[in-house]
Amino acid sequence: MPKATTGCGLDPIRSCYIQIPGFGDPIYMDNLPEISDGKQATYPDNNIIGRSTPLKAYSHSDARTISWSMHLFVKKREDIAGNLAILRRLESAVYPRDNQGPGPYAPPVICKIKCGDLLSVGAPLCAILKSYSVKFPTDVAWDAEKLTPYKMDIDLSFEVVYSSNDL
């Protein structure tokens with residue numbers, strides 16, 4: 001059973017990560033993120049003459065959304081630059097890409113997210129990052145040179161996307 005900590009501190013959890021295309025290695029969590037997963041289906045009422053209650057029939061579903069809250073800590077001096085790099089990587093995933101073909105922009109980057117078998121069994125989920133929000137708390141120590149807190153909380157909202165083969 002892998003552990004998230006050792007005698008020296010936090011270790012990366014290799015089965016819990018966010019992969020952003022074009023940035024090499026995934027962003028591995030070194031502590032468990034807070035995750036929520038949701039999807040909504042619509043079942044409108046169908047009123048039928050002679051029936052005391054309407055029938056429910058499936059109409060459609062909304063997108064599956066996953067909220068992922070991660071916490072970045074400074075454990076050693078190098079983590080300050082590393083945490084800022086992680087933040088910039090995540091921020092970049094919400095911006096449109098430059099398009100090499102017709103039109104000004106390309107579709108959003110498709111991230112891969114995985115946290116053990118919690119969200120999917122086997123392969124990671126393909127998702128677009130719809131939003132991020134970062135909190136810079138003032139109740140923790142800050143680095144005086146970089147003006148960066150030793151703890152950052154980043155809230156992410158993903159929307160799961162599927163290839164046409166999965167439909």
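Me: Which residues is His71 in contact with, leaving aside its neighbours within four places in sequence?
Reply: They are Asp30, Asn31, Leu32, Glu34, Lys151, Met152 and Asp153. Contact means heavy atoms within 4.5 Å. This is a predicted model, where local features need pLDDT of at least 70, side-chain atom pairs count only at pLDDT 80 or more, and totals for chains, interfaces and linings use all residues. Residues are numbered from 1 along each chain as its sequence is written, and side-chain values use heavy atoms, leaving out hydrogens and water.

Me: Why does His71 count as buried?
Reply: Its relative accessibility is 17%. Buried means under 20% relative accessible area, exposed means over 50%, and partly exposed lies in between (1.4 Å probe, protein chains only). So His71 counts as buried.

Me: What joins the side chains of His71 and Asp153?
Reply: A polar contact of 2.6 Å. The term asks for a pair of N or O atoms within 3.5 Å; within protein, one must be able to donate a hydrogen and the other to accept it, and residues adjacent in sequence count only if both atoms are side-chain atoms.

Me: Is Gly22 buried or exposed?
Reply: Gly22 has a relative accessible area of 81%, so it is exposed. Its place is the loop between strand 3 and strand 4. Strands (E, at least two residues) and helices (H or I, at least four) are DSSP runs, numbered from the N terminus.

Me: What makes strand 5 and strand 10 a pair?
Reply: Two strands pair if DSSP finds at least two bridges between them. Five bridges join strand 5 to strand 10, so these strands pair. They run antiparallel. In strand 10, Ile66 is the bridge partner of Asp37, and His71 is found in strand 10 too.

Me: Which strands are the edge strands?
Reply: The open sheet has seven strands, in the order 4-3-13-14-17-10-5, with antiparallel pairing. Strand 4 (27-29) and strand 5 (34-38) are its edge strands; each pairs on one side only.

Me: What is a nonpolar core, and which residues touch the most other members of the largest one?
Reply: It is a set of buried Ala, Val, Leu, Ile, Met, Phe, Trp, Tyr and Cys residues joined through side-chain atoms within 4.5 Å. The largest has 27 residues. Ile18, Trp68, Met70, Leu90, Ile113, Leu156 and Phe158 touch the most other members. Strand 17 gives the largest share of this core, five residues. Beyond its neighbours within four places in sequence, Leu156 is in contact with residues including Ile18, Trp68, Met70 and Leu90.
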